Amino acid sequence: MDKKQSRLRRGRQTRIKIAQLGVNRLSVHRTNLHIYANLISPDAKVLVSASTLEAEVRAELAGKTGAGGNAAAAALVGKRVAEKALKAGITEVAFDRSGFRYHGRVKALAEAAREAGLKF
């Protein structure tokens, strides 16, 4: 079993539990260069998304080292996804870290989303 399969296996149980609860989930995916956050409804439709690939985020991170792959960028994405969710009328979500450890960029994104007003 390689690293990706292990991560997907860890994330599967979380998704099963969130599906039983029937709530919107904030799903996070990270790569070496970027971080992505999607707000997904119980019927698997993407309601809101934010990532370090967006033009506004890239403009804000321009000139900084490690522009998309650091905790500051993750915090910015967390804040953006929370603002978009609140604008769409969504206040409570379940956090799906997709098998990634709750550490570093994933933690920075979650804490920024909480500070911006999202409850999970």
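Tutor: A salt bridge here is a side-chain nitrogen of Lys or Arg within 4 Å of a carboxyl oxygen of Asp or Glu. The model is predicted. Start with the charges.

Student: How far apart are N and O in the salt bridge between Glu54 and Arg80?

Tutor: Side chains of opposite charge can pair when their charged atoms come close. The cut-off for a salt bridge is 4 Å. Glu54 and Arg80 meet in one, with an N to O distance of 2.8 Å.

Student: Where do Glu54 and Arg80 lie, and how many residues apart are they?

Tutor: Glu54 sits in the loop between strand 3 (46–51) and helix 2 (55–61). Arg80 belongs to helix 3 (residues 71–87). The pair links distant parts of the chain, and the separation is 26 residues.

Student: Is Glu54 buried or exposed?

Tutor: Buried means under 20% relative accessible area. Glu54 has 16%. Glu54 is therefore buried.

Student: What is the N to O distance between Glu56 and Arg80?

Tutor: Arg80 also meets the side chain of Glu56 in a salt bridge. Glu56 lies in helix 2 and Arg80 in helix 3, so this pair ties together parts 24 residues apart in sequence. Glu56 counts as partly exposed, at 49% relative accessibility. The N to O distance is 3.5 Å.

Student: Which residues are linked with Glu54 and Arg80 in a network of salt bridges?

Tutor: Arg80 forms salt bridges with Glu54 and with Glu56. The network takes in Glu54 and Arg80, together with Glu56 and Lys84.

Student: How many salt bridges are there by this rule?

Tutor: Two have been named so far: Glu54 with Arg80, and Glu56 with Arg80. Another is formed by Arg15 with Asp96. By the 4 Å rule, the count comes to six.

Student: Which elements hold Arg15 and Asp96?

Tutor: The closest N and O atoms of this salt bridge are 3.1 Å apart. The two residues are 81 residues apart, so the pair links distant parts of the chain. Arg15 is in helix 1, and Asp96 is in strand 4.

Student: What is the relative accessibility of Arg15, and of Asp96?

Tutor: Under 20% is buried, and over 50% is exposed. Arg15 counts as partly exposed. Asp96 counts as buried. The values are 32% for Arg15 and 0% for Asp96.

Student: Now the strands. Which residues of strand 2 and strand 4 does Arg25 face?

Tutor: Strand 1 (residues 25–30) runs antiparallel to strand 2 (residues 35–40), with six bridges between them. Strand 1 also pairs with strand 4 (residues 94–96) in the parallel sense, over three bridges. In strand 2, Arg25 stands opposite Ile40. In strand 4, the bridge partner of Arg25 is Ala94.

Student: How many residues does the hairpin from strand 1 to strand 2 pass through?

Tutor: These two strands run antiparallel. A hairpin joins strand 1 to strand 2. The number of residues is four.

Student: Which residue takes a positive phi in the hairpin of strand 2 and strand 3?

Tutor: Strand 2 and strand 3 pair in the antiparallel sense over five bridges. Ile40 stands opposite Val46 of strand 3. The hairpin has five residues between the strands. The positive phi, near 65 degrees, is taken by Ala44.

Student: Which residues gather with Arg10 in a patch of positive charge?

Tutor: Arg10 lies in helix 1 (residues 3–21). Arg10 is partly exposed, with a relative accessible area of 42%. The patch is on the surface. With Arg10, it gathers Arg9, Arg12 and Arg97.

Student: What distance separates the C-alpha atoms of Arg10 and Arg97?

Tutor: Both residues are in the positive patch. Along the chain they are 87 residues apart. Their C-alpha atoms are separated by 9.6 Å.

Student: What distance separates the C-alpha atoms of Glu111 and Ala74?

Tutor: Glu111 lies in helix 4 (residues 105–115). At 35% relative accessibility, Glu111 counts as partly exposed. Ala74 is 37 residues apart from Glu111 along the chain. The C-alpha separation is 9.8 Å.

Definitions and conventions:
Residues numbered from 1 in each chain as written. Predicted model: local features only at pLDDT ≥ 70, side-chain atom pairs only at ≥ 80, totals over all residues. Heavy atoms only, no water. Patch = residues over 30% accessible without salt bridge, like charges linked within 9 Å, V, L, I, M, F, W, Y side chains within 5 Å. Areas by Shrake-Rupley, 256 points an atom, 1.4 Å probe, with all protein chains shown as cover. Lys, Arg positive; Asp, Glu negative; His and termini not counted. Charge placed at Lys NZ, Arg CZ, Asp CG, Glu CD. Buried < 20%, exposed > 50% of the residue type's maximum accessible area, 1.4 Å probe, protein only. Pairing = 2+ DSSP bridges.
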